[in-house]
Amino acid sequence: MANRLAQTTSPYLLQHADNPVDWWPWSPEAFEEARGRGVPVLLSVGYASCHWCHVMAHESFEDDTLAAYLNANFVPVKVDREERPDVDAVYMEAVQAATGQGGWPMTVFLTPDAEPFYFGTYFPPEPRHGMPSFHQVLEGVVAAWTDRRDEVAEVAGRIVSDLAGRSLTPEGAGPPGEAELAQALLRLTRDYDEKHGGFGGAPKFPPAMVVEFLLRHHARTGAEGALQMAADSCAAMARGGIYDQLGGGFARYSVDREWVVPHFEKMLYDNALLCRVYAHLWRATGSDLARRVALETADFMVRELRTAEGGFASALDADSEDAQGRHVEGAFYVWTPAQLREVLGEEDAAFAAGYFGVTDEGTFEEGSSVLRLARTGEAEHAETERVAGVRARLLAARELRPRPERDDKIVAAWNGLAVAALAETGAYFDRPDLVERATEAADLLVRVHMGDAARLCRTSKDGRAGDNAGVLEDYGDVAEGFLALASVTGEGAWLEFAGFLLDIVLERFTGEGGQLFDTADDAERLIRRPQDPTDSATPAGWTAAAGAMLSYAAHTGSEAHRTAAEGALGVVGALGPKAPRFIGWGLAVAEALLDGPREVAVAGPVAGELHRTALLGRAPGAVVAAGVVPDGAAEFPLLVDRPLVGGAPTAYVCRHFVCDAPTTDATELAAKLGG
């Protein structure tokens, strides 16, 4: 018999709809139930492509005996962290404060007033590795709730009070200047892994936003070390097992520091951010490897994540069925020498094994290997006819394997990132089909996620808007996508839509002194109003909104948006020199602010030579408006009163309230935008 989750749209919640656990979705009714029964709430938070969430579900939530105990003594509430990042954020902050670590699945025990009093992540079905079993944890919580209720209430009250005291208070700090950005670069240099690329040790995450900062810093200052770290990190990832050498696209992270073995789930946000940053690396260096990876990643997103409605699904699962019918991690992607021989024959299999690093011992589990480019050096990995043929045959054979599950929900923020990536990649590499896919996703965001409600909703599925309000990252990232699309297509409507969203940021998400909140001032009240300025897997709502507001101000001259962006960047000045790995997008936005950003108006045909030259300019965060201006009417404010010179397409470049002389020469324009 299905539980209450059967009525939801979240793929993650639907995965638990047939559990014997009597799950409730997050709702006031669930807490009313707990209050009425006098029992605590078990809050379980995860997401559809989370490997250990699946493990705990199979071990514990599908167990009839444990479910009966859970149902009798708790009100169990299941939350998809990707649908409710606000709920996830406030309780994850509590988990990290109490235990020093966090992650998913997240398991939190709450009072009927939603106050947390006991925390954990994954709990095994039997005691192991010093961890109690999940059943022991439940029994312990029930005993405390029954026998020491006053103590539980005191602990819960203290935790909530501590969290409330953590609000970021503005210190009047201005945006970072030359000194802070130089300090951030120095700190990154210290954290840099010179041997393997990237930053820090294992597990190692793809540093897309930090690379964006490094590229912008190099463009503005000429710092060769910044460009070298960016290029070498991107090359190492592209050669590694974290990159799908057959189908394109990146896995979530590498379990080792050498990028060999990934955690195999593929997230939309990683691929959108990395597609864009490889395109920007190509723009800076002309690297063939960067061009190939940008295009393959774009094609992966379109081929494997695009939904029937034109948006992009959230993720592909890490797990799938292997040849024995077992549901295991990485089964879709890994190869043994015998499997290579079966597809390629002896000679080509031996070549492929050497090229892709497939060994008899294996680099993964049970003698299987993750494909990577085992030799070093970009020249050795040119796409020769033989390599292309081997890749095509292996990819065709892989297509016959059972595929990983796909989380089909559309997350507004991540689709905004995809729109920006596909629009720019399509423009750089003369792939109008990619620009069309970006436009279709943007149309879906307007039609379904904005709808008639004049506000943005967080998710949709099958063309139907979800019930959860958009958070700050949705507004910031969708506006970023719209602004990139406006620059590429010359369609001013996208600039207007971005302005509409950013006006809501000013009105509903902004506090005193430039601080921003992750939820609107009229959103559901949680135990605290979340605000997190740090960039983790995606740009923080805080830094995403700052970047979009800065670009919008450059397009329109809006003083309110420029001032708000500068105020929001105060936190980057504080955090950037100390923890640059965790505020990479904020540092990239700060580079744009320091450079102007430059405002480029191209009076002339969209996709013409001058427009393309403007888009390929490396000046940090430069905004581009293009189009033919009939009778003084312009879709972009930057095009107003910008006539053709001598009847030829003409570019105008301005920054810091000063404009250069107009030019009709693409080479001269490129020089103005070189950094």
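1. The model is predicted, so local features are reported at pLDDT of at least 70 and side-chain atom pairs at pLDDT 80 or more, while totals for chains, interfaces and linings use all residues. Residues are numbered from 1 along each chain as its sequence is written, and side-chain values use heavy atoms, without hydrogens and water.

2. Helices (H or I, at least four residues) and strands (E, at least two) are DSSP runs, numbered from the N terminus. Two strands count as paired if DSSP finds at least two bridges between them.

3. Lys 266 stands opposite Leu 316 in β9.

4. A further open sheet of three strands runs β13-β14-β15, with antiparallel pairing. Strands β13 (410–411) and β15 (464–465) are at the edges and have a single partner strand each, so one side of each has no neighbour in the sheet. Strand β14 (residues 459–461) pairs with β15 over two antiparallel bridges, and Lys 461 stands opposite Arg 464 in β15. Helix α16 (residues 432–450) packs on this sheet and touches β13, β14 and β15; contact means heavy atoms within 4.5 Å. The direction of α16 makes about 100° with that of β14. Axes are lines fitted to C-alpha atoms, for helices over the stretch in contact, and angles between N-to-C directions run from 0 to 180 degrees.

5. The whole structure holds 52 salt bridges, each a side-chain nitrogen of Lys or Arg within 4 Å of a carboxyl oxygen of Asp or Glu. In one of them, Glu 32 meets Arg 35 at 2.9 Å, N to O. Both lie in helix α2 (residues 28–37), and because they are three residues apart, about one helical turn separates them. Arg 35 is partly exposed at 39% relative accessibility (buried is under 20% relative accessible area, exposed over 50%, partly exposed in between, with a 1.4 Å probe and protein chains only).

6. Glu 507 is exposed at 55%, whereas Arg 508 is partly exposed at 25%. The salt bridge between Asp 522 and Arg 508 is also given as 3.9 Å, N to O. That pair links distant parts of the chain, 14 residues apart: Arg 508 is in helix α18, and Asp 522 is in the loop between α18 (493–509) and α19 (541–556).
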